[in-house]
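Subject: Structure for your review

Dear colleague,

Please find the structure below, together with its sequence. My notes on it follow.

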There are 4 protein chains.
Amino acid sequence: MKNTFGNSIAVTLFGESHGEAIGAVIDGLAPGIKIDKDYISARLDERKPKGKISTARREGDEFEIVSGAFNGYTTGTPLAILIRNTSTKSSDYAQLKDTPRPSHADYTAEIKYRGYQDYRGGGHFSGRITAALVAAGAIIRYALEAKGIKIGTHVLRLHGITDRAFMNLDEDIAALNGVSFPVLDDGAKADMMKIAEDAAERGDSVGGVLESVIIGVPAGVGEPWFDTLEGVLAHALFSVPAVKGVEFGLGFGFADAYGSEANDEFVIKDGAIKTTTNNNGGINGGISNGMPITFRTAIKPTPSIFKKQSTVNMKEMTECELEISGRHDPAIIHRARAVVDAIAAITIADMLALKYGTDWLGESN
Amino acid sequence: MKNTFGNSIAVTLFGESHGEAIGAVIDGLAPGIKIDKDYISARLDERKPKGKISTARREGDEFEIVSGAFNGYTTGTPLAILIRNTSTKSSDYAQLKDTPRPSHADYTAEIKYRGYQDYRGGGHFSGRITAALVAAGAIIRYALEAKGIKIGTHVLRLHGITDRAFMNLDEDIAALNGVSFPVLDDGAKADMMKIAEDAAERGDSVGGVLESVIIGVPAGVGEPWFDTLEGVLAHALFSVPAVKGVEFGLGFGFADAYGSEANDEFVIKDGAIKTTTNNNGGINGGISNGMPITFRTAIKPTPSIFKKQSTVNMKEMTECELEISGRHDPAIIHRARAVVDAIAAITIADMLALKYGTDWLGESN
Amino acid sequence: MKNTFGNSIAVTLFGESHGEAIGAVIDGLAPGIKIDKDYISARLDERKPKGKISTARREGDEFEIVSGAFNGYTTGTPLAILIRNTSTKSSDYAQLKDTPRPSHADYTAEIKYRGYQDYRGGGHFSGRITAALVAAGAIIRYALEAKGIKIGTHVLRLHGITDRAFMNLDEDIAALNGVSFPVLDDGAKADMMKIAEDAAERGDSVGGVLESVIIGVPAGVGEPWFDTLEGVLAHALFSVPAVKGVEFGLGFGFADAYGSEANDEFVIKDGAIKTTTNNNGGINGGISNGMPITFRTAIKPTPSIFKKQSTVNMKEMTECELEISGRHDPAIIHRARAVVDAIAAITIADMLALKYGTDWLGESN
Amino acid sequence: MKNTFGNSIAVTLFGESHGEAIGAVIDGLAPGIKIDKDYISARLDERKPKGKISTARREGDEFEIVSGAFNGYTTGTPLAILIRNTSTKSSDYAQLKDTPRPSHADYTAEIKYRGYQDYRGGGHFSGRITAALVAAGAIIRYALEAKGIKIGTHVLRLHGITDRAFMNLDEDIAALNGVSFPVLDDGAKADMMKIAEDAAERGDSVGGVLESVIIGVPAGVGEPWFDTLEGVLAHALFSVPAVKGVEFGLGFGFADAYGSEANDEFVIKDGAIKTTTNNNGGINGGISNGMPITFRTAIKPTPSIFKKQSTVNMKEMTECELEISGRHDPAIIHRARAVVDAIAAITIADMLALKYGTDWLGESN
């Protein structure tokens with residue numbers, strides 16, 4: 001089930017950057033989830049390119065729900081979302097047909113699809129596809145919020161600049177809502193944007209690290225060996241071509257800690273079992289422990305830069321130089337947050353549906 | 001399919017630390033794969049506790065293949081491996097029934113399984129279960145080696161000490177083979193072992209980072225959206241309770257690099273397309289590009305330490321102190337390499353079977 | 001994965017009878033399969049309502065391939081097909097909202113979807129959805145034919161009338177191609193159509209039995225316990241709401257035969273192993289044996305009849321009478337053959353992809 | 001997931017007729033299901049060969065639960081069942097290595113597994129494997145009974161003799177419990193046994209039709225397109241090598257009925273919506289409607305007969321004659337009922353777990 005993700009709630013993505021449309025089918029959605037089009041549009045807006053550090057390709061992202069919704073609510077049958085591609089300039093990509101961009105999927109797609117792939121604009125590997133994922137995630141996330149489950153993501157790091165850590169989770173999550181470049185500390189934000197804009201001006205690109213938190217997930221969610229919360233979340237996150245690292249809680253920081261420093265001790269707080277620290281990011285043995293779920297996602301710099309690069313001509317098997325034209329993103333880290341939020345929503349909802357049954361998500365209505 | 005992993009080749013794990021037996025069923029194995037019992041034992045040996053930094057529980061790990069093999073070869077039908085538990089001391093764990101160990105799965109298991117879980121020795125969450133995974137992985141890895149695909153893992157970092165990077169991959173992989181504490185640089189190895197032994201003496205524990213490489217995987221393996229090579233590998237790796245981070249290539253290091261620094265440029269080498277650097281860890285767009293696949297796995301310090309810790313009594317809902325007795329590992333980082341190797345073998349074989357068909361893996365015989 | 005079918009090649013269906021559109025996503029299609037739009041239209045035409053024994057709703061069934069195809073060939077990424085609903089008369093169905101049609105899915109949908117289902121025209125349970133399945137199957141079937149695998153289905157029985165058995169398979173399959181009411185014997189065909197038309201005139205409906213044959217499938221395809229050829233085919237066939245029985249080879253006829261009569265003895269024919277009879281329908285132990293695969297599918301009479309029937313008002317929990325108006329099919333048996341052919345194509349291709357790898361199906365181009 | 005069946009509750013089967021052991025792993029079992037060993041043994045006993053019409057191979061079927069159970073209850077982690085093979089006579093099968101039995105899986109296994117299969121006693125295709133399935137089903141069925149869901153199966157037809165239909169379902173199900181040759185009418189039973197014994201004496205074999213009923217399943221269970229109740233049940237039933245037909249309700253009888261005769265009209269009965277007839281076998285649109293679920297399963301005569309048959313030598317590619325010795329079943333129809341009951345239990349439980357969540361099945365304890 002290569003292009004479908006999830007067990008009880010499953011999402012299938014389709015589409016190419018310069019094809020007719022992109023879209024998603026969500027299967028296993030409970031009946032009775034409200035379709036709030038403004039909420040979905042707001043999530044799509046968080047993903048939209050804006051300003052100098054984003055591609056000049058600006059799509060309206062008008063989504064159409066062609067099935068699975070009726071009278072403003074989900075029906076419980078597969079919900080298909082369609083987003084037409086309207087701003088395509090195929091001519092931009094003719095040069096890339098035989099000369100793959102370094103670190104992009106042009107070369108691996110050519111090998112895997114034996115030359116039949118839609119090479120225009122990265123085809124199925126384009127970040128464009130994530131618009132459908134964000135729309136699908138938004139429908140689910142809206143229902144999760146009605147259940148008290150909230151998700152927030154900020155740019156934790158960008159080329160040497162580090163944002164402050166999450167503090168008051170409810171407030172921080174609210175503060176990030178709808179913001180184009182989601183950073184908690186204003187100084188860090190200004191510094192990050194400056195670096196990204198400078199890189200853009202030089203025809204270069206930047207990556208970064210996103211930090212996410214999910215609050216409100218009850219203890220007991222996750223399936224050890226092999227569908228742990230960490231495993232399933234990481235699986236979905238690594239589907240995004242730009243993602244190259246995922247860590248939970250202290251993550252790689254555990255390598256330099258002793259058990260006596262890293263262990264999260266238990267206490268009773270307001271009649272419930274909590275931990276004093278949250279180094280495990282809310283997950284023990286792959287199962288949620290009721291603390292906030294925290295994870296970080298490493299995003300590589302966008303490979304499509306405007307500087308001259310060495311590559312090969314795949315047809316002629318010769319080395320050559322490549323200077324990319326067209327419309328590309330010098331930074332996607334801030335837009336990627338909408339994708340990470342969507343993936344978190346889909347994954348958590350799927351795990352909860354397994355535990356509580358498929359109807360659960362729609363029952364608040 | 002919560003406790004089964006894989007599509008074309010699928011592994012199901014079962015067992016508890018102090019139950020009758022642990023085991024694995026491998027489905028989708030090609031017929032005709034040679035069962036080399038010495039090779040499997042050698043892999044199990046790499047996982048076995050040894051010396052002062054490991055648990056005093058020493059099992060023979062005698063495995064029995066009860067189905068799916070005939071006359072020394074796989075039959076193509078499900079292969080079931082059984083490893084009996086022989087060295088169990090249930091009494092060690094009576095104290096833990098109601099007082100969960102900090103950062104272990106005792107608490108989440110109690111919530112998830114509503115008190116019915118086998119709490120002895122961590123039950124299904126015990127590292128013991130990984131013996132079955134290592135045996136299953138060994139059968140597959142043997143067949144992969146016959147196809148020229150090799151896997152190697154070393155301890156890259158342990159509490160401030162860093163091993164040297166991989167250099168000559170063939171030689172390094174060979175040098176790590178069968179070694180109990182797999183570090184490439186002898187000085188780093190001595191330093192790491194000293195730190196681990198010191199921690200053990202203090203009743204404390206250490207974590208670390210493993211670095212792995214897979215060579216010989218052809219370009220074109222992986223399924224974008226959502227079964228990318230990265231996603232599937234990470235999913236399986238995060239199943240191991242101790243794993244808290246996974247990164248590919250530069251991983252989190254991408255956050256501080258510009259695209260112009262991070263991109264892997266293409267060249268022609270010996271008539272084949274290669275990249276000059278390998279910052280992407282052999283994977284672009286979720287698909288192998290023919291370069292070595294490199295990834296790092298963060299392992300948290302084992303939570304079962306002998307120091308006094310704060311916890312709660314889940315029955316009485318009171319706070320209390322916990323001093324663990326019994327047999328535990330001050331370090332598992334070196335033993336975890338056998339598990340990571342096994343997971344890598346299973347995952348890669350599954351992706352290759354999807355591409356080439358299920359018979360492919362057995363065809364070298 | 002409730003609304004997705006298949007392992008290596010997976011089809012997801014979406015849509016409602018009176019929604020915006022119906023459609024399908026095919027995942028796992030090999031790159032390089034030719035998209036022959038005329039061939040697809042011809043298959044859709046075999047499914048279209050025609051004449052007096054079909055619904056007055058006549059859709060153009062204009063399909064749009066919105067992703068996964070490029071320059072006339074499949075790309076290897078998910079292929080999404082969209083068919084807009086153009087001839088909808090929602091008013092026809094207002095009366096059915098609370099008074100379920102006997103033997104239709106109105107009642108079970110109300111219970112399952114808690115009142116949120118799109119009740120218009122049977123919603124997701126409408127035969128309309130099969131148009132997308134037929135289009136998806138056609139793309140795959142075209143590729144199978146290039147591999148020498150052919151599928152044919154005729155109406156074997158309709159209310160007491162029985163068609164002749166398959167004889168020369170190649171000729172019979174060719175003769176059924178494109179025919180609206182597929183019966184091999186002209187006399188039987190006339191009799192069947194007369195019965196169906198008479199029933200239509202009385203406001204009644206008829207069912208029937210379809211008999212199908214698949215030729216060219218090599219021996220060795222199928223996965224025992226549990227993905228047998230029989231099991232997977234039956235699973236997909238029973239997805240169609242009207243299907244109530246599936247049998248292979250002698251099927252229920254085996255009940256009255258001795259083993260000595262029923263066994264298919266082996267012979268050598270043209271240097272290959274064949275059987276003298278084919279009572280097992282080309283399948284032994286769930287695996288193809290190289291003989292033609294034969295199966296029969298029982299189709300119940302369409303439940304939407306124009307006669308007065310007893311039903312209940314679900315809201316008021318009272319008994320009442322129902323007289324249906326609107327557009328319905330007195331017979332779907334002849335149209336169902338296109339659906340059975342599509343399901344056979346999808347299923348066989350999936351099993352072959354598992355055996356030979358996902359690229360196999362596109363390799364004839 | 002070829003040898004694993006189920007979504008929320010999944011069963012993996014392993015083992016060969018003459019290997020070390022057969023077994024099953026059940027994943028997704030709720031914690032807290034009581035393990036009633038006597039109940040499981042009683043179900044295994046219904047499957048055991050007895051009398052003149054069964055194989056002389058008589059196994060004790062001592063099952064061992066090696067994981068997933070603790071203190072007499074399921075833990076919620078994978079439950080593995082092991083049944084050792086004790087009565088094996090491999091010598092019986094040496095003659096069959098190259099000369100496949102007509103209508104058995106010997107030939108297709110040779111092709112599929114390229115000669116590596118364990119050919120002794122039919123290997124993985126042996127009816128012996130079903131013992132593990134029956135044990136797995138028994139654990140689940142016990143829990144279903146605590147929820148008011150009961151299953152019963154009788155031999156409806158055997159070579160011209162027909163049993164009476166189900167009447168009082170509760171009483172009939174109780175009457176079939178533990179009976180070796182489950183027929184409701186004593187006269188029909190005597191006639192059937194006579195025919196089977198006569199066939200046995202002649203070295204021949206018989207098939208038959210099983211009829212099953214499941215009561216207590218609430219309305220609303222089943223997932224249209226594609227995991228309908230009918231599709232999932234049929235999929236699992238057709239996994240059994242001897243099964244060649246499955247029908248629900250009127251099944252193939254629908255072919256000769258008009259809609260006005262076949263439709264099940266709705267009525268209010270005891271405050272609940274019921275149907276006056278049950279021609280649809282309790283399922284509309286693939287979803288349970290609250291009426292008893294009824295289906296029939298066609299079982300072909302056992303292919304291993306003692307009469308001389310024509311076959312081929314696969315190695316030498318010559319035709320030859322075959323006279324089987326060894327231990328075989330002249331009739332399995334009565335033993336197959338235990339298998340059908342087990343499959344029904346597993347399938348229904350899986351569908352209910354999807355609807356109500358995985359914990360549901362264990363909650364009566």
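Copies are superposed here by least squares on the C-alpha atoms of residues with pLDDT of at least 70 in both.

Two conventions apply throughout. The model is predicted, and local features need pLDDT of at least 70, side-chain atom pairs count only at pLDDT 80 or more, while totals for chains, interfaces and linings use all residues. Residues are numbered from 1 along each chain as its sequence is written, and chains are lettered from A and ligands numbered from 1 in the order in which they are written.

Chains B and C

Two residues are taken to be in contact if their C-beta atoms, placed from the backbone, lie within 7 Å. The contact between these chains draws eight residues from chain C and eight from chain B. The side of chain C that touches chain B consists of two nonpolar, four polar and two charged residues; here Ala, Val, Leu, Ile, Met, Phe, Trp, Tyr, Cys and Pro count as nonpolar, Asp, Glu, Lys and Arg as charged, and the others, Gly among them, as polar.

Chains A and B

Chain A can likewise be laid on chain B, by a turn of 180 degrees and a shift of 0.0 Å along the axis, with an RMSD of 0.0 Å. The two copies are thus related as by a two-fold rotation axis. In chain A, the C-alpha nearest this axis belongs to His235(A), 2.5 Å from it.

This contact takes 90 residues from chain A and 91 residues from chain B. Helix α6 (residues 229-237) of chain A gives the most to the side of chain A that touches chain B, namely six residues. Helices (H or I, at least four residues) and strands (E, at least two) are DSSP runs, numbered from the N terminus. By class, that side of chain A has 45 nonpolar, 30 polar and 15 charged residues.

Strands also meet across this contact: β11 (residues 243-248) of chain A and β11 (residues 243-248) of chain B run antiparallel and are joined by three bridges. Val246(A) has Val246(B) as its bridge partner in β11(B). Strands are said to pair if DSSP finds at least two bridges between them.

The single chain

Chain A contains eight helices and 18 strands. Its C-alpha atoms fill a box of roughly 70 × 50 × 40 Å along the principal axes. Of its 365 residues, 67% count as buried, that is, with 20 or more other C-beta atoms within 10 Å of their own, C-beta atoms being placed from the backbone. Among the contacts in chain A with a separation of 6 or more, 73% join residues 24 or more positions apart.

In chain B, an open sheet of five strands has the order β1-β2-β3-β7-β4, with antiparallel pairing. Its edge strands, β1 (4-5) and β4 (63-67) of chain B, each pair on one side only. Inside this sheet, β2 (residues 10-15) and β3 (residues 21-27) of chain B pair in the antiparallel sense over six bridges, and Val11(B) stands opposite Ile26(B) in β3(B).

With kind regards

Definitions and conventions:
A residue is buried if 20 or more other C-beta atoms lie within 10 Å of its own, exposed if 12 or fewer, and partly exposed in between; C-beta atoms are placed from the backbone.
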